[in-house]
Amino acid sequence: MRLVMGKFATGVVVVTTVDKIGRPHFMTANSLTSVSLLPPLILISVGHERNSFKFLEETGRFGISILRSDQQAIALQSSQSEKNDCEGASVPYDLDSHSMPMISGCLGFLECLVENQHTYGDHSVFIGLVKKTKIYSGSPLLFFEGKWEEMAGD
Ligand SMILES: Cc1cc2nc3c(=O)[nH]c(=O)nc-3n(C[C@H](O)[C@H](O)[C@H](O)COP(=O)(O)O)c2cc1C
């Protein structure tokens, strides 16, 4: 299944959460799916072993930053399981007009409240109600067959 799903090219996002005392945390993900427009709902699937899973359950909110093609280093760093909050702090983010960290220079941002949570196997699907959006121009970082890619012509 893993090999077949690797043939499904996706964009790459960083899921931002905060811990109980408000420190930011970053996790690379490609399970983002749009679910509904009215109301605006998205979903992400998060492994139970992830630090982010705990923060999502504890705080009930998260941000989604859609990465740009030149943000591979951020994607790599946010996919490391051994990262800690100090390392996470070197990921560039801003909190200007929203309460969840947004990766600086991203293509788009969604600020969400957890609407519902469903457990399937070793992951839980979090349904997020979108409360704020931001959109910027640029081309996306892609993930295909376990490798970072860019759109042809970029
Ligand atoms: C391209 C890519 C996509 C990923 N997508 C997901 C995902 O959708 N859900 C998930 O739970 N982990 C996903 N991961 C794995 C997490 O990024 C990784 O386990 C990370 O270390 C989790 O961080 P945390 O435990 O600090 O929250 C993905 C990793 C990569 C490289």
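**Figure 1. Pairing of Ser45 with strand β10 in the predicted model.** Ser45 has Val125 as its bridge partner in β10. This bridge belongs to the view of strand β5, residues 41–47, which pairs with strand β10, residues 123–135, in the antiparallel sense over seven bridges. The coordinates are those of a predicted model.

**Figure 2. The hairpin of β9 and β10.** Strand β9 comprises residues 108–120 and pairs with β10 in the antiparallel sense over 12 bridges. Leu113 is shown with its bridge partner in β10, Leu129. Two residues lie between the strands of this hairpin, and Gly121 takes a positive phi near 60 degrees.

**Figure 3. The shell around the ligand.** The ligand has 16 residues around it, of which Ala29, Ser31, Arg50, Asn51 and Ser52 come nearest. At least two residues of the shell are supplied by each of β3 (24–29), β5 and α2 (51–59). By class, the shell contains five nonpolar residues, 10 polar residues and one charged residue.

Figure 4. Thr16 is located in strand β2, which spans residues 13–18. Thr16 is classed as buried because 27 other C-beta atoms lie within 10 Å, where the cut-off for a buried residue is 20 or more. Leaving aside residues up to four places away in sequence, Thr16 touches Pro24, Phe26, Phe62, Gly63, Ser65, Tyr93, Met100 and Pro101. Phe55 is 39 residues from Thr16 in sequence, and their C-alpha atoms are 9.6 Å apart in space.

Key. Residues numbered from 1 in each chain as written. Predicted model: local features only at pLDDT ≥ 70, side-chain atom pairs only at ≥ 80, totals over all residues. Pairing = 2+ DSSP bridges. Helix = DSSP H or I, 4+ residues; strand = E, 2+ residues; numbered from the N terminus. Near = placed C-beta within 6 Å. Nonpolar A, V, L, I, M, F, W, Y, C, P; charged D, E, K, R; others polar. Buried ≥ 20, exposed ≤ 12 C-beta atoms within 10 Å, placed from the backbone. Contact = placed C-beta atoms within 7 Å.
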